[in-house]
Every structure is written in C-alpha cells, then in structure tokens.
Amino acid sequence: MGWVVFAGIVLIGIGAFLFLKPDLMWKLTEQWKSYRADGPSDFYLKSTKFGGVLFMLCGIVAIVLLLVSGS
C-alpha cells in the first residue's frame, strides 16, 4: 500500500518536471547528440509536456484507485 502512494508521488513529480522544464530535459538527454542544435524543437517541447501530463495523470489515478479500493 505504501509503495503505491510513493510510486504515485514519484510519477507526479516526474510529470511535473517534464511539464514545467522540457528544455532542461532536452539539455540532459538530447543536447549531446547534436552539435548544431541550439535548442529543442517545438514538437519536442509539446510532446514532452504531453508526456508529463500523462505521468501526472497516472500518478493521480494510482493514488485515487488505492484510496477508493480501501486497501
């Protein structure tokens, strides 16, 4: 039970990071792959933000389902 809450909080945190700082995520994971890119593309920013929303939703759903099931 406790691990579900912990996992939900971690997913919400990761999702918030992806939604709020997609450019930092690009710097950490993608910048080293290209010597000519000045920054992330618009598609990368939008898709990373969308992924962040999905992560947050999964975390919220996990916690809500745990609370609803009463386990």
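Gly15 touches Gly52, Phe55 and Met56, leaving aside its neighbours within four places in sequence. The model described here is predicted. Gly15 belongs to helix 1, and its relative accessibility is 0%, so Gly15 counts as buried. Between the C-alpha atoms of Gly15 and Asp42 there are 18 Å, with the two residues 27 positions apart along the chain.

Thr48 is part of helix 3, which covers residues 42-69. Thr48 counts as buried because its relative accessibility is 10%, and the cut-off for buried is under 20%.

| Residue | Helix | Relative accessibility | Contacts beyond four places in sequence |
|---|---|---|---|
| Gly15 | helix 1 | 0% | Gly52, Phe55, Met56 |

Helix 1 (residues 2-20) packs against helix 2 (residues 22-29) at an angle of about 95°, and the axes are 5 Å apart. The two helices are therefore roughly perpendicular to each other. Helix 1 contributes Phe17, Leu18, Phe19 and Leu20 to the contact, while helix 2 contributes Pro22, Leu24, Met25 and Leu28. Sorted by class, this contact has eight nonpolar residues, with no polar and no charged ones.

Phe19 has Lys49 over the face of its ring, at 5.5 Å from the ring centre. As for aromatic pairs, a search of the whole structure finds zero.

Definitions and conventions: Residues are numbered from 1 along each chain as its sequence is written. This is a predicted model: local features need pLDDT of at least 70, side-chain atom pairs count only at pLDDT 80 or more; totals for chains, interfaces and linings use all residues. Side-chain values use heavy atoms; hydrogens and water are left out. Axes are lines fitted to C-alpha atoms, for helices over the stretch in contact, and angles run from 0 to 180 degrees between N-to-C directions. Angles under 35 degrees count as roughly parallel, over 145 as roughly antiparallel, 65 to 115 as roughly perpendicular and the rest as oblique. Contact means heavy atoms within 4.5 Å. Ala, Val, Leu, Ile, Met, Phe, Trp, Tyr, Cys and Pro count as nonpolar, Asp, Glu, Lys and Arg as charged, and the others, Gly among them, as polar. Rings of Phe, Tyr and Trp (its six-membered ring) pair if their centres lie within 6.5 Å; planes under 30 degrees apart count as stacked, over 60 as edge-to-face and the rest as tilted. A charge sits over a ring if NZ of Lys or CZ of Arg is within 6 Å of the ring centre and within 35 degrees of the ring normal. Buried means under 20% relative accessible area, exposed over 50%, partly exposed in between (1.4 Å probe, protein chains only).
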